[in-house]
Amino acid sequence: ETKQAAAVDPVDIDAIQQAAADNGAIINTILTTHNHWDHSGGNLKLLKAVSTIDRVYGGIGDDVPGCTHEVGDGDAFTIGTNTAVKVLFTPCHSPGHVCYHVDDAHVFTGDTMFVSGAGNFNTGTPAQMTEAFDKILGLPESTYVWVGHEYTAKNCAFACFCEPNNEEIKKRLEWAKGQGSIHSGGKGTIPSTIAMEKACNPFARIDHLSVMDFCGPCDDRSERMRLVRKGKDDWGKMA
């Protein structure tokens, strides 16, 4: 093995360098899902601290700090000699948001897909988020989903509100509570899988009858995506 590695959305550069050292890895690449500070804010610092980094990837038109390679849908490259990366262009949360599908086994979704949730539609439209989810959900069901933030318990609570008769979501909420967030010293709830998101993420289930019932009479898929987002936002104000 070459031990060459990539840092995804680096913010805490000390922790990243320590992890690389612990694993004997050499960081030569930065993969940035989007330009928001809590994902790209460490790019320039890491570039300065690690001389082996010679490539910084970011989405087309997203103005990622330090970007050397802007990428779009279907672009592919390797890290080292063996690690294959394919780009999914998923604009909505930011104008050039991308996800990285790695070795046909992992996908890094940034702020597009969360565990049982989705990112805000900031600069985009419900149609864009619908298309983005369709791309991610088209990956093999065994694919591990590495998300940009851990909001799992709250997302699962809304999912139960959206689909009160979905037993899988109820189980997942209890599991998330038991695991606890990594931010509060718990075991954490990441990664998920594509199969689990299809079963427990209301934004991934806009074609299921229970979510359609939540949305009310509506034949347009993008409108159902909008209504689930609105439902989550409204619920959040009450929760």
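**Exercise 1.** Which residues in helix 5 meet which residues in helix 6? Describe the packing of the two helices.

*Solution.* The model is predicted: local features need pLDDT of at least 70, side-chain atom pairs count only at pLDDT 80 or more, and totals for chains, interfaces and linings use all residues. Residues are numbered from 1 along each chain as its sequence is written, and side-chain values use heavy atoms, without hydrogens and water.

Step 1. Take contact as heavy atoms within 4.5 Å. Helix 5 then contributes Thr152, Ala153, Cys156, Ala157, Ala159 and Cys160, and helix 6 contributes Ile169, Lys170, Arg172, Leu173 and Ala176. Helices here are DSSP runs (H or I, at least four residues) and strands likewise (E, at least two), numbered from the N terminus.

Step 2. Sort the residues by class, with Ala, Val, Leu, Ile, Met, Phe, Trp, Tyr, Cys and Pro as nonpolar, Asp, Glu, Lys and Arg as charged, and the others, Gly among them, as polar. The contact of helix 5 with helix 6 has eight nonpolar, one polar and two charged residues.

Step 3. Read off the geometry, with axes fitted to C-alpha atoms over the stretch in contact and angles from 0 to 180 degrees between N-to-C directions. Helix 5 and helix 6 (residues 167-179) pack at about 155 degrees, axes 9 Å apart. Helix 5 is therefore roughly antiparallel to helix 6 (over 145 degrees; roughly perpendicular is 65 to 115).

**Exercise 2.** At what angle do helix 5 and helix 9 pack, and which residues make the contact?

*Solution.* Step 1. Helix 5 (residues 152-162) and helix 9 (residues 221-238) pack at an angle of about 110 degrees, with axes 11 Å apart. Helix 5 is therefore roughly perpendicular to helix 9.

Step 2. Lys154, Asn155, Ala157, Phe158 and Phe161 of helix 5 touch Val228, Gly231, Lys232 and Trp235 of helix 9. By class, this contact of helix 5 with helix 9 has five nonpolar, two polar and two charged residues.

**Exercise 3.** Which residues have the most contacts inside the largest nonpolar core, and is Arg229 buried or exposed?

*Solution.* Step 1. A nonpolar core is a set of buried Ala, Val, Leu, Ile, Met, Phe, Trp, Tyr and Cys residues joined through side-chain atoms within 4.5 Å. The largest has 28 residues, and Met129, Phe133, Met225 and Val228 have the most contacts inside it. Helix 4 (126-137) is among the elements that give two or more residues, and its five are the largest share.

Step 2. Arg229 lies in helix 9. Arg229 is buried, with a relative accessible area of 8% (buried is under 20%, exposed over 50%, partly exposed in between; 1.4 Å probe, protein chains only).

Note on methods
Angles under 35 degrees count as roughly parallel, over 145 as roughly antiparallel, 65 to 115 as roughly perpendicular and the rest as oblique.
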